[in-house]
Amino acid sequence: MTTQPLSNPFALADPAVLKGLLRRHGFTWKKRLGQNFLIDARVLARLIDAAELRPDDGVFEVGPGAGVVTRLAATRARRVVAVEKDACLRPVLAEVLAGLPHVEVVFADVLKLRLPDVWGRFHDCAGVKVIANLPYYVTTPILFHLLEAGVRMDSIVVMVQREVAQRLAAAPGSKDYGALSVAVQYRCSVERVLQVRAGAFLPPPEVDSAVVRLRVRGEPPVAVRDEQMFFRVVRAAFATRRKTLANALTGGLEWSKELCAAVLARAGVDGGRRGETLSLQEFAAVADAWAALTAT
Ligand code: SAM
């Protein structure tokens, strides 16, 4: 049976059209891959608008699914590269993205992909923006994979669980503030764009969702002498939330009590505080004090 190419990129937001397309290609949903496809045209429009695409931009998409976001991005960007783990979506994406030579789908696990190799495709693009309705079972590893890849990227606009959006944007002292908040806020400014109800997806996930925009910073908001130690301090401070900072650091980093006391005194941070009350500046001060005291 021949099918007409979709003339309206929002057509797949109609559940009947999406189901028909998937059925035609014998697709079966895989819950373990976080396959919750967007079927709300208003949410799709807000997601795409939040990416602020310009005609000379490149777009990297994680998890195109049936290609609805991909199609929309293709109307606004110079190049789109989408990475999909589920090879069963190959015929679906071939149909939805037919006649779009500036769109490429790579069938792979994004976590196993060397992003600098992929980024070569964006050589003629002024900016590179990441867009994704993320598979929720791997949200955090994917965010770290993107941020630690050492590739140029202006922004990351993602659909995540609402609880993850709260953690990304959390301020020191709040219950949602954790190692993820610090790591992401060190590299990006975080804006919550939209809350999304479960009914916006097919099938609906068990949790509420939110769109967040991470604008990747040119420079971190705090100067850090030893980035590796900065992140080690952050991880140790949050590893045991009920411990004081001094106990968390002596236990987690195997610092002697004397070294820990000297580091915290030099940083001007009270060791009796809990790790989750420290700002980025204070974590940086602790890491810098360690670097200064242990420099030979
Ligand atoms: N973008 C589509 C949409 O909005 O309708 C689908 C989004 S769905 C939430 C997540 C997609 O990510 C699925 O198509 C799933 O197969 C894919 N996926 C899951 N794990 C992945 C991984 N490790 N690498 C690449 N894609 C993955």
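Helices (H or I, at least four residues) and strands (E, at least two) are taken here as DSSP runs, numbered from the N terminus. The model is predicted, so local features need pLDDT of at least 70 and side-chain atom pairs count only at pLDDT 80 or more, while totals for chains, interfaces and linings use all residues. Residue numbers start from 1 along each chain as its sequence is written.

An unreviewed UniProt entry places "domain: Ribosomal RNA adenine methylase transferase N-terminal" on residues 43-218; UniProt positions follow the numbering used here, feature names are shortened, and annotations may be inferred rather than shown by experiment. That stretch is 30% helix and 28% strand, with its end C-alpha atoms 29 Å apart.

Asparagine 36 sits in the loop between α1 (15-24) and β1 (37-38). Asparagine 36 counts as buried because 24 C-beta neighbours lie inside 10 Å; the cut-offs are 20 or more other C-beta atoms within 10 Å for buried, 12 or fewer for exposed, and partly exposed in between, with C-beta atoms placed from the backbone. Beyond its neighbours within four places in sequence, asparagine 36 is in contact (C-beta atoms, placed from the backbone, within 7 Å) with Phe201, Pro203 and Pro205.

Aspartate 109 belongs to the loop between β4 (103-107) and α5 (115-119). Aspartate 109 is exposed, because 12 other C-beta atoms lie within 10 Å.

Definitions and conventions
Two residues are in contact if their C-beta atoms, placed from the backbone, lie within 7 Å.
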